[in-house]
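The following explanation is intended to be read alongside the sequence and the coordinates. Please keep both in view while following the text.

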Amino acid sequence: MVGPVGLVVFGLIAYPLFSALYMSLTDKAIGAAGSFVGLGNFAALLRDSIFLQALRNAALYTIVAVAIKAVAGLGLAVALAALGERAAVLRALLLLPWVVPVSITALAWWWMFDPMFSVINWVLRAIGLQDAGIPWLADSTWARVAVILVNVWRGLPFFATVFLAGLLSIPREFYEAAETDGAGPVQSFVRVTLPLMRPILSLVVLYSTVMTVADFEIIYILTRGGPLNRTHLFATYAFQVGLEGTLIGRGAAIVLWMFPVLVVASYLTLRIVRRGEEYG
Amino acid sequence: MEQVLAIEGERVITRREFFKVAGTLGAAAALGGHSFLVRPARAAPARMVTMMHWSHFVPSFNPELERQVATWAAQRGVGARVDFLAIRDIPPRLAAEAEARTGHDVVQLILFDPALYWRHLQPLDDLALELERSVGPWMPVAKYVGKVHEKWVAIPWYHYSTPATINTEHWARIGMGTANVAALDWSAFLESARELHRTGHPVAMTISQTFDAQEGTHSVLYSFGARAVDEKGNVVIDSQETAEAIEYVKRLFPLMPREILGWDDASNNRYMLSGVGSWVHNGPSIWAVARLQKLPVAEKLDHVPMPRGPKGRFRLTRTLSLGVWRFSPNIELAKDLVRFLLRPENFSRQVEASMGYNQPLLRGLSGHRLWREERVLRFYEPVREELVVPGWPGPVGEGAQLAYTAFIIPVMFARAVTGELGTKEAIRWAARELGARYRR
């Protein structure tokens, strides 16, 4: 049993990872043999203004999107839990954005943000809120808002569904005991719900951090990293440099800048999971 | 689209080869978190020649290409197929095939791809010379993209250039006929743009991170006498000419829709098809779609050269070449297919199927009756302006490709026109970015 599992782990995880790691230490271009350059690619990236921009973009994109998903997801889960069985249809509908392939939904959003045919702008104009329309993908600030909005829209159902499962697993007796001690709804939420939900909250936030920082499709379809490189993330810039630009070694180095974030997130996730096992 | 690998007879894959290919593709998948893995090879039952081509803007071209390839295959007694890919899928597919050393026999190579993949491409000097003797000579831009280290590594097949597409009705309202618009220089164009803006039908030039933006911005840049790099690849963007080009676009920018900063390659098409736009830089695909879909705007569309600048009039283009992988098991058959596709009678049918969109890179293939008889194509082909590609006159290859895919020139213009940077700062930023890419 250990043999096949080891082979799968080595073949599908370890080998590609170490191969990418090695590639990032070479000046390899597609179709040409590369030579070892040590940390040359990483150093060059620190002088690359587009990469530094992508680094800032990734931090902003990840922090804002994950924070909104966590807060809104928790709020949504609490609301759904309060509605109970009456929200069964809503719960099913909620999952739609998450189960539809991201490339399809991103294309739908792209159409909704279209400068000329944006249905969002049409609605804003119709209700008299915005005469000129919002330059969704033409202005760097609005473009950031747009890509974060789509990421949140897509990720929110996952957060809400997992949080809802967590909420429903909290025994009613805890709330009854809190109520007996004179706690109101807010105090119950702060003193009972949040502490008991902490492991699942942390797990989902860490998982989402990994997925959000590595996002590709939403950016690639909506903005291709523009305008003014303000929406480039690691993956889109790596694609541009590594595959379109054929510098596969440099492209691997761009992606590996994510590595520390991923390692920390993975370590913390494993710790939380282990703690859960210990408690269990 | 399914890929069928052309494998002659049986070929045993060694363990070393297996791990090399699997590892490379796995790493590539890990790199982008994006699935572009080549499907596992399947042995074809008979000799099969495969070709990779983009899914053409003008849909009627694809069946004609398939028909020609099938005709060729029947004549040679072999199997053949064309895989049509979305244009965005071509770079990762080429990369995967070059790394895995397996894939299609004939591949479509856009712009600088021949120079990027020359190590894996079969030299085609014999075929290039043969074609030059029979239907030549080659145009300068064909030699520029097809030859690497003085050897032909790909056969330039066709190009599609970027003149301006205009709505004649809007221009007529300000008293300008097509001939007048065709004769404009950038200075007079600015005055017309002001009037068109007042009528609610602004001109629009894409200044975003999309490939159409490369053509428009480079056309302005070149016509003001500026260049990004010289013939040796030295960065020469920091010049008075570049500053003048930027200052000009800064004056033009308020007369255009602000959305041009976020446009993609299809946005200018939609802008004209909606009937709002009066001028965009784009090939005849807008007109072709309008005509195929029988849209009323089709009758109002026409094409004119890009305006003249103080240092000339430039037409930017995208070249499509055909390459044969060195590792193809069907090199001679693949070369024969390329030769077949460039026969005058076949090229002529390709021009018709593309509604005149495909332009020749061999002089002997020019002069098709369609370009003479179709009124709206009279300024499209033959090209009277200087025909160049982004990065010209610098060396083709890695630096040109990196500057092209990073959109350095369009972003330089965007940063200046939005006021994010002053003209000089925007130029200095571009000089640094170009330097980092050409010096590598």
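Predicted model: local features only at pLDDT ≥ 70, side-chain atom pairs only at ≥ 80, totals over all residues.

Residues are numbered from 1 along each chain as its sequence is written, and chains are lettered from A and ligands numbered from 1 in the order in which they are written.

Chain B contains 19 helices and 13 strands; these are DSSP runs numbered from the N terminus, with helices being H or I of at least four residues and strands E of at least two. Of the 440 residues in chain B, 54% are buried, a residue being buried if 20 or more other C-beta atoms, placed from the backbone, lie within 10 Å of its own. Two residues are in contact if their C-beta atoms, placed from the backbone, lie within 7 Å. Among contacts in chain B between residues at least 6 apart in sequence, 78% join residues at least 24 apart.

Chain B is divided into domain 1 (15–161 + 318–377) and domain 2 (162–316 + 383–438), with bounds that come from an automatic or database domain assignment. Their C-alpha centres lie 28 Å apart. The contact between them takes 18 residues from domain 1 and 21 residues from domain 2. On the domain 1 side, α4 (113–116), α6 (140–146) and β6 (155–162) each supply at least two residues, and α6(B) gives the most, with three.

Within chain B, the axes of α17(B) and α19(B), which are lines fitted to C-alpha atoms over the stretch in contact, come within 8 Å and cross at roughly 140 degrees, on a scale from 0 to 180 degrees between N-to-C directions. The helices are therefore oblique to each other, a class holding angles that are not under 35 degrees (roughly parallel), over 145 (roughly antiparallel) or 65 to 115 (roughly perpendicular). Gly399(B), Leu402(B) and Ala403(B) in α17(B) meet Leu434(B), Arg437(B) and Tyr438(B) in α19(B).

Between the chains, 40 residues of chain B are in contact with 40 residues of chain A. On the chain B side, α1 (15–32), α3 (90–100), α12 (267–273), α17 (398–405), α18 (408–417) and α19 (423–438) each supply at least two residues. Of these, α1(B) gives the most, with seven residues.

Note on methods:
Buried ≥ 20, exposed ≤ 12 C-beta atoms within 10 Å, placed from the backbone.
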